[in-house]
Amino acid sequence: MANVTLRNVRKTYPGGFEAIKGIDVAVGDGQFCVLVGPSGCGKSTLLRMVAGLETISSGEIEIGERVVNTIEPADRDIAMVFQNYALYPHMTVYNNMAYGLRNRGMPKPEIEQRVREAARILEIEALLDRKPRQLSGGQRQRVAMGRAIVRQPKVFLFDEPLSNLDAKLRIAMRVEIRKLQRRLATTSIYVTHDQLEAMTLADILVVMNGGVVEQIGSPLEVYHRPATTFVASFIGAPPMNLIALEGSELRRQLGDHGDATTLGIRPEDLTLTSGDAGDGGLALKLRVDAVERVGPESFVYGRPGDHQGEAEIIVRVAGEHTPALGEHVLAVASRAKLHLFGRDGRRLEP
Amino acid sequence: MHKNVVFQHRWLPYLLIAPQLLIVLAFFYWPALQAVWQSFLLQDAFGLSTTFVGFENYVELIRQPEYFGAVIRTFVFSALIAGSSLSFALLLAVMADKPLSGSTVYRTLLIWPYAVAPAVAGVLWIFMLHPSLGMVARGLRALGLDWNPLLNGNHAMILVVLAAAWKQISYNFLFFLAGLQSIPKSVLEAAAIDGAGPMRRFWTVTFPLLTPTIFFLIVVNIVYAFFDTFGIIDAMTGGGPAKATETLVYKVYLDGLLGGNLGSSAAQSVLLMMMVIVLTAIQFRYVERKVTY
């Protein structure tokens with residue numbers, strides 16, 4: 001059990017490239033923190049710095065009230081699950097899990113007991129004598145988790161552990177990881193580029209881009225009040241509609257909008273109607289370009305009829321009844337559902 | 001994943017493999033068959049008459065304590081070469097695998113000895129270790145060691161092994177480096193997090209994962225020591241002193257070409273060929289079974 005605190009952490013590579021540009025994150029005891037961002041945003045680097053696999057150029061990383069900057073990975077009391085699982089290919093599942101305990105000189109009976117217990121929790125008891133190559137992707141994933149939990153570390157680190165699994169298994173494992181983490185109440189840091197995974201797993205969501213933190217908050221906080229246009233477009237699927245206000249006739253519709261240059265509106269907050277918005281909200285005339293039906297909901301893609309160059313707007317419609325292609329429709333949203341962003345991409349408090 | 005290519009023309013496939021087949025036929029099967037036939041014959045001292053003697057040449061060989069001595073010597077020689085060149089190459093590869101600047105330069109330098117002709121390699125080492133000419137030999141004498149490979153059989157053996165192993169290090173190094181680089185970095189990182197220090201990491205993770213490479217190289221090195229060291233031995237010691245460095249291949253040459261005993265020489269080369277076939281067969285079986293851990 002431990003807190004993990006990052007204070008103004010930076011990483012500069014010898015070539016001068018700054019991968020991490022000063023990050024502050026505080027993860028409370030037993031919390032599940034997810035680092036999410038597009039590839040190359042520095043999230044994996046940051047995780048590897050916590051693990052001790054990358055050096056820290058400046059700043060401090062603290063695990064359980066102890067600054068670990070110069071402490072070896074082995075002595076940080078962490079366990080890591082790698083993207084490719086990194087199982088020892090020449091060892092059986094049992095030995096894969098026992099390896100870390102043996103290295104620490106734990107007595108044999110205790111190793112045996114811990115490995116069996118972990119295997120029971122993960123339902124891999126039947127696989128203990130197999131080699132990793134005889135396992136399926138999902139089973140390898142479980143063994144990698146088992147190797148992490150037998151150590152009973154202070155912190156679990158996950159580096160995109162589900163990205164090699166197929167879609168169905170990924171969802172199942174996602175739920176299992178969450179349940180397991182709740183049960184063990186071990187502080188966890190989890191890296192992913194999948195915003196859905198991030199939303200469903202996190203207690204604290206850290207959205208990163210280009211080596212900086214764009215926003216930290218609970219998943220719903222981040223969803224409902226994105227701090228920047230980047231977060232707005234990254235979290236949520238389909239992403240939030242972002243409309244440039246410069247030179248748009250929407251400026252008039254909105255009336256007082258401060259210094260906002262970009263208007264954001266989630267696809268589910270738009271409603272197709274024949275009337276108009278009424279409450280001083282937004283009304284967009286759209287010509288339907290495309291329709292996607294996914295069963296319980298449909299997505300209507302359209303462009304504002306009179307502005308050919310403008311970005312496509314996505315509207316989420318419940319059910320399967322959608323307008324026909326080429327039809328002109330009116331999409332409205334109430335004022336309360338609009339997000340306004342300033343010239344620097346930051347959210348303006350409405 | 002099997003894809004069978006079907007050729008339109010009936011003779012095209014045969015035509016395509018013909019050049020390779022002709023070369024193998026002319027330079028391996030033909031002389032090999034000749035050697036087998038020759039091994040059943042006995043020529044008189046002047047080469048005027050030849051008689052078929054069946055397995056007599058083989059029986060004669062096996063009865064000879066000298067032949068037995070050469071077999072033992074060849075095994076010792078091969079084991080020394082394989083052992084020393086493999087362990088030294090592994091050490092170099094582990095060092096070169098570290099992320100250091102200028103790695104391409106020294107990796108290239110480490111590979112160069114492989115391009116040196118065996119006889120040249122032999123001469124190089126003679127210059128260093130010749131009892132009266134060599135710089136290193138002078139140093140050894142200064143240390144009170146009576147170094148003389150011209151008279152002392154063990155010294156001669158050390159000298160030949162040094163030169164032969166040195167030449168083979170580059171080859172082994174290349175394979176070890178490739179082997180090391182194919183070990184996923186994350187596996188070693190996982191071991192580091194699992195609390196294994198660098199030495200323990202090497203012996204419990206890196207080394208076991210290299211075993212297929214090591215096994216392959218052992219076979220290659222033994223075959224090398226059996227056959228390709230002829231040039232080195234010929235240039236350095238000529239099999240001497242007192243047969244101390246006379247390996248099986250060299251004995252084939254001495255008995256056949258210099259001694260004129262073609263029948264016995266042929267029988268020896270057939271036996272050698274059989275040993276290599278066995279070695280290669282073991283290698284193929286083992287590699288197929290063990291290549292993916």
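The model I am reading is predicted.

**Entry 1: a helix pair in chain A**

With that cut-off I looked up where α3(A) and α4(A) touch. From α3(A), the residues A:R114, A:V115, A:A118, A:A119 and A:L122 meet A:R142, A:M145, A:G146, A:I149 and A:V150 of α4(A). Sorted by class, this contact has seven nonpolar, one polar and two charged residues.

I then looked up the geometry of the pair. Helix α3 of chain A covers residues 108-122 and helix α4 of chain A covers residues 137-150; their axes come within 9 Å and cross at roughly 135 degrees. I therefore noted α3(A) as oblique to α4(A). The crossing in which α3(A) passes α4(A) is right-handed.

**Entry 2: chain A as a whole**

I looked up the make-up of chain A and found nine helices and 18 strands. Along the principal axes, its C-alpha atoms fill a box of roughly 75 × 45 × 35 Å. Chain A has 350 residues, and 38% of them count as buried. For contacts in chain A with a separation of 6 or more, I noted that 63% are accounted for by residues 24 or more positions apart.

**Entry 3: backbone details in chain A**

I went through the backbone with one reminder in mind: most residues other than glycine have a negative phi, and most peptide bonds are trans.

I found a cis peptide bond between A:A237 and A:P238, with omega about -5 degrees. The loop that holds A:P238 runs between α8 (229-234) and β11 (241-244) of chain A.

A:D77 is not a glycine, and its phi is positive, near 60 degrees. I placed A:D77 in the loop between β5 (66-67) and β6 of chain A.

I placed A:E160 in the loop between β7 (155-159) and α5 (167-184) of chain A. Buried or exposed, I asked of A:E160? A residue is buried if 20 or more other C-beta atoms lie within 10 Å of its own. A:E160 has 20 such neighbours inside 10 Å and therefore counts as buried.

**Entry 4: where chain A touches chain B**

I looked up the interface and found 19 residues of chain A in contact with 16 residues of chain B. On the side of chain A that touches chain B, the elements giving two or more residues are β6 (78-81) and α2 (93-103). By class, I noted 12 nonpolar, four polar and three charged residues on that side of chain A.

**Entry 5: chain B**

Last, I looked up chain B, which has 12 helices and two strands. Read from the N terminus on, the order of its elements is α-β-β-α-α-α-α-α-α-α-α-α-α-α. I noted a span of about 75 × 75 × 30 Å for the C-alpha trace of chain B along its principal axes. Of its 293 residues, 30% count as buried. Among contacts in chain B between residues at least 6 apart in sequence, 67% join residues at least 24 apart.

Methods
Residues are numbered from 1 along each chain as its sequence is written. Chains are lettered from A and ligands numbered from 1 in the order in which they are written. This is a predicted model: local features need pLDDT of at least 70, side-chain atom pairs count only at pLDDT 80 or more; totals for chains, interfaces and linings use all residues. Axes are lines fitted to C-alpha atoms, for helices over the stretch in contact, and angles run from 0 to 180 degrees between N-to-C directions. Helices (H or I, at least four residues) and strands (E, at least two) are DSSP runs, numbered from the N terminus. Angles under 35 degrees count as roughly parallel, over 145 as roughly antiparallel, 65 to 115 as roughly perpendicular and the rest as oblique. A crossing is left-handed if the near helix is turned anticlockwise from the far one by less than a right angle, and right-handed if clockwise. Two residues are in contact if their C-beta atoms, placed from the backbone, lie within 7 Å. Ala, Val, Leu, Ile, Met, Phe, Trp, Tyr, Cys and Pro count as nonpolar, Asp, Glu, Lys and Arg as charged, and the others, Gly among them, as polar. A residue is buried if 20 or more other C-beta atoms lie within 10 Å of its own, exposed if 12 or fewer, and partly exposed in between; C-beta atoms are placed from the backbone.
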